[in-house]
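Here is a short report on one protein model. Please look over the sequence and the structure first, then read on.

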Amino acid sequence: MAAGPGRFSMPALPSSRLALFCASVAVVGLGAAAAWRWGRRRARRELVRVGAVSSLTIYPVKSCMGLPIESAELTKLGVRSGDLRDRFWLVIKEDGHMVTARQEPRLVLVSVNCENGLLILNAPEMKELTIPITAPKKNPVKTCRVFGLDIQGRDCGDEVAHWFTTFLKSEPYRLVHYETNMAPRKCEEIHKPFQPTDEIPYSDCAPLLIISDASMEDLNARMEKKINMRHFRPNITVSGCGAYEEDTWGKVIIGDVELKEVMACGRCLFTTVDPDIGIIDRKEPLETLRSYRMCDPAEKHLYKSAPLFGSFFTVAKLGTIKVGDPVYKIIEC
């Protein structure tokens, strides 16, 4: 066929080759169309500001006092601030079972900090103790039991073991440190909504807990005796949103970090430990929360009889955040 204006000439093809050529063109066309649709979908991802970070807290030793921080690195395993990592230290019995403030409420009175590669521990009527952040390799590795799952930890030595045992006036306890070459616990083995890639050290069940200031205010409005956020031990608190909106965010961006909400946090007796005096009440705020914050009956297999307060998140995109950062909810159209 002769080429005319706007046309090109093409030699005749055998029918089989022509069919193959047409099929190839069709596949390329479909691929381009799919890529265009994907790009269009990605372009319609919207960010809606829902609040701002009002505080950040790291809890280096499980059940001990939290340390307020101004900025944090968010890793797959949770919060990091310099040499400190969230729930990377754990008090255990000599048989390896974890010890928390549920059994030893006075643990909440132990403050934790670090300086020059040393972990600094203080408690009422106790002399300040410093131990190396990194325990000597000669120290034995213990097999620990945390909420029914085994996890390792390197023993931090006799001096700190004696320090905790003396302060708590208890049976002999040890302190262990999680090292990043050790196998973490799998979140999905604790609660099914988590993914196989979600992992934690000695945290209860998730890398991050977020609670809004408005939720705390709403709870206090219902209580005779006011309490504070330290009863609930969140890593991130958010201002500028409505009460319990954190339950509905799904995915959020803070700083250059992307977080994914997995499930609400079912609250236990730990919340009844007074963080100022280290005494367990066993009643409030649980009784008030049970009056209005129980789960949907369809989710009772997840939460059982625990009231809900705060939401667990995993870290989908690593990065850093700081107090004052806006919090954006991701809406995928």
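pLDDT is the predictor's confidence in each residue, on a scale from 0 to 100. This is a predicted model, in which local features need a pLDDT of at least 70 and side-chain atom pairs count only at 80 or more, while totals for chains, interfaces and linings use all residues. Residues are numbered from 1 along each chain as its sequence is written, and side-chain values use heavy atoms, with hydrogens and water left out.

## Confidence and overall make-up

The protein chain averages a pLDDT of 90. In the chain, 87% of the residues score at least 70. Confidence is lowest in helix α1 (residues 15–43), at a mean of 42. It is highest in strand β16 (residues 236–239), at 99. Over residues 1–41, pLDDT stays under 50. For that stretch the model has 7 contacts beyond four places in sequence; a contact means heavy atoms within 4.5 Å. Where pLDDT is low, the predicted coordinates should not be read in detail.

The protein chain has 5 helices and 21 strands. These are DSSP runs, numbered from the N terminus: helices are H or I with at least four residues, strands are E with at least two. Of the 333 residues, 46% are buried. Buried means under 20% relative accessible area, exposed over 50%, and partly exposed in between (1.4 Å probe, protein chains only). Among contacts between residues at least 6 apart in sequence, 68% join residues at least 24 apart.

Helix α2 spans residues 158–168. Its buried residues are Val160, Ala161, Trp163, Phe164, Thr165, Phe167 and Leu168. Their cover includes β6 (89–93), β8 (118–122), β9 (129–132) and β12 (173–177).

Helix α3 covers residues 213–222, with Ala214, Ser215, Met216, Leu219 and Asn220 buried. The cover here includes β15, α4 and β19 (308–317).

## The largest pocket

The largest pocket has a volume of about 700 Å³. On a 1 Å grid over the protein atoms alone, a pocket is an open set of points with protein on both sides within 12 Å along at least five of seven lines, where a cavity is a set of points where a 1.4 Å probe fits but cannot get out; lining residues have an atom within 4 Å of a point. Grid points are joined across faces, edges and corners, and a volume is the space filled by probe spheres set on the points.

The lining of the largest pocket has 32 residues, and those closest to the centre are Arg102, Asp204, Cys265, Gly266 and Phe312. Elements that give two or more residues to this lining are β15 (208–212), β18 (257–266) and α5 (300–303). Strand β18 gives the most, with 4 residues. By class, the lining has 17 nonpolar, 7 polar and 8 charged residues. Here Ala, Val, Leu, Ile, Met, Phe, Trp, Tyr, Cys and Pro count as nonpolar, Asp, Glu, Lys and Arg as charged, and the others, Gly among them, as polar.

Arg102 sits in the loop between β6 and β7 (111–115). Its contacts beyond four places in sequence are Phe147, Asp204, Cys268, Phe270 and Ile280.

## Polar contacts

A polar contact is a pair of N or O atoms within 3.5 Å; within protein, one must be able to donate a hydrogen and the other to accept it, and residues adjacent in sequence count only if both atoms are side-chain atoms.

| From | To | Distance |
|---|---|---|
| Lys62 side chain | Tyr202 backbone oxygen | 2.9 Å |
| Arg102 side chain | Asp204 side chain | 2.9 Å |
| Ser291 side chain | Thr288 backbone oxygen | 2.5 Å |

Is Lys62 buried or exposed? Lys62 is buried, because its relative accessible area is 3%. It lies in the loop between β1 (45–58) and β2 (67–69). Beyond four places in sequence, Lys62 has contacts that include Arg87, Trp89 and Asp204.

Ser291 is in the loop between α4 (286–290) and α5. Its relative accessibility is 59%, so Ser291 counts as exposed.

## Backbone exceptions

Most residues other than glycine have a negative phi, and most peptide bonds are trans. Arg87 has a positive phi, near 50 degrees. Arg87 is buried, at 11% relative accessible area. Lys169 follows α2 and also has a positive phi, near 50 degrees. Lys169 is exposed, at 70%. The peptide bond from Glu284 to Pro285 is cis, with omega near 15 degrees. Pro285 is in the loop between β18 and α4.
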